[in-house]
Amino acid sequence: MKILLLGGSSFLGRAFACEALSRGHEVTTFNRGRSHADPPGVEAVRGERDSAEDLARLVGGRHWDAVVDTSAQQPAQAALSARLLREHAGHYTFVSSVHAFADWPARVITEDSPLHPCPADTPPDQPFSTALKAGCERAVQEYFGAGRTLILNSGLLIGPYENGGRLPWWLERMARGGPVLAPGDPERAMQVIDVRDFAAFGVDVLAAGHTGRYLTTAPAGNVTFGEFLATCREVVGEPAGGRPRAELVWVPDGPLLAEGPDSVQPWLELPLWAPAGPEFAGVWLADTTRAQSAGLRCRPFAETARDTWAWLQQRGPAEDTDADGRKGRKGAPHLQGIVPAKEQRLLAALT
C-alpha cells in the first residue's frame, strides 16, 4: 500500500511509520521536520499542516491508498486536511483519544459512549481542551466521508520515543535511587498500551479497510500500579555513582490530596496516579472488546519498560531541566513529575 502519514517523526507517528515500512508498504510523511528525524526509508515531505498551500503542494498529482493522521489537535486542522485529501486517498485513519468521550475518566466508556459536543467547524487556534479531539473526529468524517474513515481512540500510550514523559519519568526517578514516593493503592488496576502494539493494530485494520471506531488500548487490568512501579525499579537496577537503590514508599491517596502547600496534583506531579474516587472511576476501565475481537494484541509491560529504559540510555539528556532538576519537553507548559524537594518533604512528613 501507499500510506501518507500526517506527522510520522515522533512517538506514535514514528511507530506507525516503522510498522508500515516493516511490512513493505510505501510511506510518505508530512511534517515540519523540526522535532525529530523521520525514520529511514520514508519519503519525507516538509510543510505546515495548517497551510492550505503546503497541503496542496503535497497532494498535487498524487494518490495514496490510505492516510494516517496522528497529529491533528484542532478541528480546523483536521477539516483542512480531510477536504484536500478526499480526492487523493481512499481511506482516512484518524488517531483520536479517550479524551474525546464526554464520560471519560469518570465512567466506563465503549465505542458508543457520547462524545464531547465540539463541532467540526470549530474556529482555529482554540485553547487546549479535551473536547477538541471530538471536533477533529467530526471534521474528518464530515469532509472525508464517514464511510471511508476509521477512528482509533487511543488510551494511555507508552514505550520507546515517548514524548509524554510518564513512563520515562518513573524510570529516571528510579535511576536516581533512594526512597521513592509511591502514591495510592499498589493494587489499582491500570490500562496502558505500548505504542508499537497500537501501531501494529492500526496498520492491521487500515490494510483490511475497516471503518467506524475502535477503542484502542490494553485490556483493563493488564498491569497494576504496584507492578508498574516495581517493574520500573527492577528494569533500572542499581543506580550509578554508588547511590542507594530505589525503595518504593507507598502513601495512601488521602494524605497526598489533603489541602495545603504540599497537596499533590494527580496525574501530573506523580505521573499516572489516579486516586480512587468518582472523578477517576473509569480511567482504567475502557471497554476494548471490539478491538480485541479485531486482533489487538498487547505485549507484557515488562518488555515495554525494558525497551523504553534502553532507549532512554541511548537518547541521553535530551530534555530541558528546570531549577529543581525536573525534566520536561521543550516548550511544554507543564513538566511531569514532582519537585524533588517536595517529594522529600512529603516522605518525611507522611512516613
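Me: Which residues is D103 in contact with, leaving aside its neighbours within four places in sequence?

Reply: Those would be I109 and P114. This is a predicted model, by the way. D103 itself is found in the loop between β5 and α4.

Me: And why is D103 called buried?

Reply: The relative accessible area of D103 is 19%. Buried means under 20%, so D103 counts as buried.

Me: What makes the peptide bond from W104 to P105 worth a look?

Reply: That bond is cis, with omega near 10°. Most peptide bonds are trans. P105 has its place in the loop between β5 and α4.

Me: Where is D125, and is D125 buried or exposed?

Reply: D125 is also placed in the loop between β5 and α4. Its relative accessibility is 70%, and exposed means over 50%, so D125 counts as exposed.

Me: What can you tell me about phi of D125?

Reply: Phi of D125 is near 60°, which is positive, and D125 is not a glycine. Most residues other than glycine have a negative phi.

Me: What about phi of L272?

Reply: L272 isn't a glycine, yet its phi is positive at about 75°. You'll find L272 in the loop between β15 (270-271) and α9 (289-293).

Me: How do you know whether L272 is buried or exposed?

Reply: L272 has a relative accessible area of 1%. The cut-off for buried is under 20%, so L272 is buried.

Me: Why does Q74 count as buried?

Reply: Q74 comes in at 13% relative accessibility. With buried set at under 20%, Q74 therefore counts as buried.

Me: Let's do helices. Why are α3 and α4 called roughly parallel?

Reply: Their axes cross at roughly 15° and come within 8 Å. Angles under 35 degrees count as roughly parallel, so α3 and α4 are roughly parallel to each other. The crossing is right-handed.

Me: Which residues make that contact between α3 and α4?

Reply: From α3 there are P75, A78, A79, A82, R83 and L85, and from α4 there are L132, G135, C136, A139, V140, Y143 and F144. By class, that's 11 nonpolar, 1 polar and 1 charged.

Me: What makes α2 roughly parallel to α3?

Reply: Helix α2 (residues 52-59) and helix α3 (residues 75-85) pack at about 30°, with axes 10 Å apart. The limit for roughly parallel is under 35 degrees, so α2 gets that label with α3. The crossing of α2 and α3 is right-handed.

Me: What is the contact of α2 with α3 made of?

Reply: A52, L55, A56 and V59 come from α2, while L80, S81, L84 and L85 come from α3. The classes are 7 nonpolar, 1 polar and no charged residues.

Me: Now the sheet: in what order do the strands come?

Reply: The order is β3-β2-β1-β4-β5-β6-β11, which is 7 strands in an open sheet with parallel pairing.

Me: What makes β3 and β11 the edge strands?

Reply: β3 (43-46) and β11 (212-216) each pair on one side only. The twist from one strand to the next averages 20°.

Me: How do you know that β1 pairs with β2?

Reply: Two strands pair if there are at least two bridges between them, and 5 bridges join β1 to β2. In β2, T29 is the bridge partner of L5. Strand β2 (residues 26-31) is mostly covered, with 5 of its 6 residues buried.

Me: How many bridges join β4 to β5?

Reply: There are 3, and these strands run parallel. In β5, Y92 is the bridge partner of V67.

Notes
Residues numbered from 1 in each chain as written. Predicted model: local features only at pLDDT ≥ 70, side-chain atom pairs only at ≥ 80, totals over all residues. Heavy atoms only, no water. Axes fitted to C-alpha atoms, helices over the stretch in contact; angles between N-to-C directions. Helix = DSSP H or I, 4+ residues; strand = E, 2+ residues; numbered from the N terminus. Parallel < 35°, antiparallel > 145°, perpendicular 65-115°, else oblique. Left-handed = near helix turned anticlockwise from the far one by under 90°. Contact = heavy atoms within 4.5 Å. Nonpolar A, V, L, I, M, F, W, Y, C, P; charged D, E, K, R; others polar. Buried < 20%, exposed > 50% of the residue type's maximum accessible area, 1.4 Å probe, protein only.
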